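Here are a few friendly notes to read with the model open beside you. Take them one at a time and find each residue as you go.

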Amino acid sequence: RQLDPTAPTSVNALANVLGWEDAIDDWIARAGPFIDIIGVDHYPATWACCTAADWGPLDTLLTRINTPTDPWFGKQGALMETGFSSWVALVANEEEQKEWINTSLPALRQRIQAANAEQEYGVWMGNYYQLIDVDTGGIGPEAHFGIVHTDLTAKVGYSALRKQIGLFTQP
């Protein structure tokens with residue numbers, strides 16, 4: 001704040017673990033006036049045992065930042081990370097990543113547009129995780145979250161993601 005009093009500051013929690021709300025409550029209790037944005041990481045149907053269209057943690061965030069008696073009230077919301085790993089055909093693959101994009105992002109867009117139109121505090125930003133695979137030939141889900149392979153060729157869902165992101169700018 002000393003360098004730039006107008007620069008927004010944020011906190012971020014992985015919402016797919018128990019206690020994520022408690023962690024944010026603690027951060028707000030300790031540094032509330034210095035926190036402008038509360039972000040969540042949510043990976044429906046990836047790290048979270050729910051459907052691709054389940055945006056429960058985002059709904060929780062939006063409710064809390066718009067409830068005057070809540071310590072989160074008055075902060076802006078953000079979806080700092082979301083995505084789907086295309087690792088291993090038996091667990092997930094590129095077609096399933098594309099299906100996730102075409103299921104999850106329309107549900108997300110609907111919630112964000114409604115919240116931003118109807119509520120005082122809405123979603124300030126969102127981030128798809130991630131652009132390029134860490135290692136397309138590697139082992140483990142973290143190496144395969146990209147929408148582009150390590151060699152920079154597009155995955156099956158690349159066009160779908162491009163289209164879905166473009167729809168966020170339309171009412």
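1. In helix α4 (158–167), Ala160, Leu161 and Gln164 are the buried residues; buried means under 20% relative accessible area, exposed over 50%, and partly exposed in between (1.4 Å probe, protein chains only). These three span an arc of only 95° around the axis, so they sit on the same side of α4. The arc is taken from the directions from the helix axis to the C-beta atoms. Helices (H or I, at least four residues) and strands (E, at least two) are DSSP runs, numbered from the N terminus.

2. A word on the source: this is a predicted model, where local features need pLDDT of at least 70 and side-chain atom pairs count only at pLDDT 80 or more, while totals for chains, interfaces and linings use all residues. Residues are numbered from 1 along each chain as its sequence is written, and side-chain values use heavy atoms, leaving out hydrogens and water.

3. Helix α2 (residues 56–65) buries Pro57, Leu58, Leu61, Leu62, Arg64 and Ile65. Viewed down the axis, they fall within an arc of 170°, so they line one face of α2. Among the elements covering them are α1 (20–31) and β2 (37–41).

4. Finally, the largest nonpolar core has 33 residues, of which Ile38, Leu58, Trp72 and Ile101 touch the most other members. Such a core is a set of buried Ala, Val, Leu, Ile, Met, Phe, Trp, Tyr and Cys residues joined through side-chain atoms within 4.5 Å. Helix α3 gives the most, with seven residues.

Terms used
Contact means heavy atoms within 4.5 Å.
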